[in-house]
Amino acid sequence: MSTTGYNSQNGAGGQPYANGPSQNPLLVPPSGLGFNTGTQSLYSNQMPAKAPLSTGPGPYNPGPYQMTPPVSSYQDPGQAALARPPMGPVQPAPFRPAGPVAPQSQNSTPPPMSSTASYAPQPTWPYGVPPVSVSSPPVATMGNHVTPAPGSVPNRHSPSPYGAGHTPPLHHGASLPPGPVSLPASSTSSSYTYQGSGPAPPLMNPVSFHPFPPGRSPYGPPPAATGPPQGMAPPPGMRPTPPPTNPGINATPLAPPSGKHEGVGQVPMPGDASQVPNSFDHLEMGTKGMVGPPPPQTGLAGRPTGQSYPSLPPGYANMVPSASPLQSPKPPYSPAHQPYQQPQANPAQLSPSLAALSLQSQSPEVLRAVNLLQERNILPPGPVTPPTPCLPQDLQKLNCNPEVFRSTLANIPQTQSLLNKAKLPLGLLLHPFKDLSLPVVTSSTIVRCRSCRTYINPFVSFLDQRRWKCNLCYRVNDVPEEFMYNPVSRSYGEPHKRPEVQNPTIEFIAPSEYMLRPPQPAVYLFVLDVSHNAVETGYLDVVCQSLLDNLSSLPGDTRTKIGFITFDSTIHFYNLQEGLSQPQMLIVSDIDDIFIPTPDSLLVNLNDCKELVQDLLKGLPQMFKKTMETQSALGPALQAAFKLLSPTGGRASVFQTQLPTLGVGALKSREDPNQRASLKDIQHLSPATDFYKKLALDCSGQQVAVDLFLLSGQYCDLASLGCISRYSAGSVHYYPSYHHQHNLAEVERFQKDLKRYLTRKIGFEAVMRIRCTKGLSIHTFHGNFFVRSTDLLSLPNVNPDAGFAVQMSIEENLMDLQAVSFQAALLYTSSKGERRIRVHTMCLPVVNSMADIFAGADVQAITGLLASMAVDRSVSASLSDARDALTNAAVDSLSAYRSSVLTVQQPGLLAPSCLRLFPLYILALLKQKAFRTGTSTRLDDRVFAMFQLKYQPLSYLMLMIHPALYRVDDLTDEGALNLTERTIPQPKVLQLSVEKLNREGAFLMDAGSAMFLWIGRNCSLSFLSQVLGVPSYAAVPQSMNQLPELDTAESVRTRAFVGWLREQRPFFPVLHIVREESQLKVAFMQNMVEDRTESALSYYEYLLHLQQQTSK
């Protein structure tokens, strides 16, 4: 049995990639690591696993492997990361039309880099058995969760986080693409306007480095060392091989720290490793970034497994439900300005009375011990709400909307050792570009800390009218004269009432100092598969018609450009130059040396050439109607798109329907259909070639993002193709078994999704940075992006449906602090050509007791972060390791609660009320497409599910992990929501078990991307006739996907409820009407996560296993 767990640091503690969406610094941990927040020496022995959810022997038992010596130009071997001293004034960067620029670090010399994948930083062993060093690093297989390096700044020495004799691992970078710009600090002109809504960008704060305390002792003696099985990534100490072909699931190690200014300095060309700077101190408005390198990541640990489970006791299903409401509901987010009480509203001024505010006032409920084996009905009646931080009311009402910015722990531990003891992961989840109505500020002066570059926010302290203290680094700054005037109240002398100090989320119109080139126009290129297979699916008609319907709604201005490329075995360009009577097709048949035939007329101004574009869209579907060309040259088509978009940047939308077969990037099928239901580890989760990752890095360097639409019933190797979007900050959309006649439900979903995709807002040439209070450190990011520097994420495109996750650690004791702050800043160019900065700020209290830490645990945020970590682990090590690690995460946290928080020991499986859903969510993850075993799952379906876990915002993600089940044949207006001219019924959420179904009812399951309306065989005739419009159960069509609009109260209620659920997500979930004998019944029942299957435990059996492990 694989024996793996998660370390809250998730991974590599070695030197990060100096630049580039590093290929997931594959923790490449061997199976056998437990969920431990501490960072210790690396894997030397393996522990037996706790998790019993996979059957069969473990994949391997690593022996005493050795660590890798570091190769770093940032520090001496064994030297810990240091805090960066204040920088000197910034030299103005030269104007470079190619894009934003990255300046050289002032404190360190960038290491050599390459544009390909790199070696991964080493994970660390949590059990304190120090490993010895070896000569080469482990293989990295994943990308885009960022892992920072220990130490990069000289001038200060501290103990090595690796322990005596251990040094950080080797790393390589990827080429640095030019990024959006951002430069200096504050100018003195005073034009200021205030608007009501808009979007904006980010920065990051200083970080210092501190060695971590040792973790807990092993659960048992390590097994004998053996070699890893064939096909598995070697453990960190084994002799590795370079990973050019394994860009993983977007986990990218952080490069060494730099000045904290969004933007870039000098722009090397993609692939020019010699010019890649590693610091961005000249960005925005100053160069005094004081940031230390993020902490090393730790590995995962494992336990023994059990094979047998007691049978379900009689009467378990009939146990009395207990009232266990969740935490108090989250405060509603309002863009309006909140009243601001200066004396109490600043963390820096908080008196020790905040400590007395300890969550003891809330603890009776949130910390109430729940015996999960006895209390069956633990689901809240409505949505699960995040915990409310224990802050003074005037501070809490100024906190950021948790849908945008939230922490896994609403109460931050004072020390890393306290966090280690709690066995809970510390991290942030962001939805930075979410559609919001925001206050928008236009000013010649954007006020920021001169030291750490933090934007002024509601949690700073005003010492008087002329001075304010930064809430991240505590530097005292002067208040600029322009900031004394409040444009809202039109008053002078009250800087603490300005919009910037009254709103946790705000957007600035950036002045020219934040640009190194004029803002780029909106540029859209559509790359369409027109092979025989593509034409047969009928997707081309839908795409062309959607574009015709929405051409005028594409985000942009008078500069908007558009272009088209089609491909089969050759590449087809379309000359749309103004003055032509009709579009001209230009065919390039030499796919081995692709070139642009007429560069000036292929991307044209949409306003000037709209008629030609419309003519092309009307004729395109007919043009290839009779094609017999079956080959697909996707790679050359992507190269052509890159060359066409490079001069300006923009978005490439690629539509593909089969496995690429010609030219660069050609792939062969790697899926064995006979292994889809295997209980063994799943192979081929990593890319077959590094072509798509390398091209994505080049695209990112030129501000080009690639969005992939995959419409295919056949295997397309999404693990390889998805890299083009993952590393260019694009998105992946997957429509399996798409056909315009045979799968009308997918056609409807594709049409609705495409409309949303074409018309939603978009940000170009963006960068994002997250800052946090001194003493905290960010070390890992999850999502789709390119790591430009340490903590600066390059996002050639940013869209409102993208989410990110961040792992953190506590580098320095926070004992002198009552609260800490986090700030995310997103700098981007709007489709209207405005440079904007969107800033989100969150403040959380610091606590010193285990009870307070658990009282602030956000069960959904913890689950979302663990899901991203598990995806990384599946690719870097094995699926069984990831599954075991998830179970160990639950075991560790419940054990810590039992041993450190419970005052009276009781029998049973005890969890605090706030974490009572944690085992259920972990079990749901184990049965989700990404991680399930023993159930037939297509490889592309599994990989796409992994992409979603890494990329989706938490609110959408949770429905995919744990769907919501409602009974809808008896909807009433009791307790309904009354919205504008609508009444929305609010039925109770039911457990995901067939026990809750009955043949007399109708049940709606909301699974995020799909909805299922299950109709019982004996469902009432009134529901069938008044909601479905059919006279009897037998008359319900097998492929019904819509509710008819009937003039009955039942129909109005049901459609209102379904419509309300759909409005809560950006993309369209198809509704499937499911009869008991329907083929879709299998998909419906697979979401019943509490029930036992042939290959997975029931919820009750899983609880028994957890009890067995926690009682050891």
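Predicted model: local features only at pLDDT ≥ 70, side-chain atom pairs only at ≥ 80, totals over all residues.
1. Ile562 lies in strand E18, which covers residues 561-567. Because its relative accessibility is 0%, Ile562 counts as buried, the cut-off for that label being under 20%.

2. Leaving aside residues up to four places away in sequence, the contacts of Ile562 include Tyr524 and Phe526, Leu551 and Leu554, the run Leu602, Leu603 and Val604, and also Leu606 and Val613. For one of these residues, Leu602, the C-alpha atom is separated from that of Ile562 by 8.2 Å, although the two residues are 40 apart along the chain.

3. Three strands form an open sheet in the order E11-E12-E13, and their pairing is antiparallel. Strand E11 (461-464) and strand E13 (476-478) are the edge strands, each of which pairs on one side only, and the twist from one strand to the next averages 35°.

4. Within this sheet, strand E12 (residues 467-469) is joined to E13 by three bridges, with the two strands running antiparallel. Arg467 has Asp478 of E13 as its bridge partner.

5. Helix H23 (residues 1099-1110) has 12 residues, so at 1.5 Å a residue it should span 16 Å, and the distance of 16 Å between its end C-alpha atoms agrees with this.

6. H23 is mostly covered, with 10 of its 12 residues buried; among them are Tyr1099, Tyr1100, Glu1101, Tyr1102, His1105 and Gln1109.

Definitions and conventions: Residues numbered from 1 in each chain as written. Heavy atoms only, no water. Helix = DSSP H or I, 4+ residues; strand = E, 2+ residues; numbered from the N terminus. Buried < 20%, exposed > 50% of the residue type's maximum accessible area, 1.4 Å probe, protein only. Contact = heavy atoms within 4.5 Å. Pairing = 2+ DSSP bridges. Axes fitted to C-alpha atoms, helices over the stretch in contact; angles between N-to-C directions. Expected span 1.5 Å × (residues − 1).
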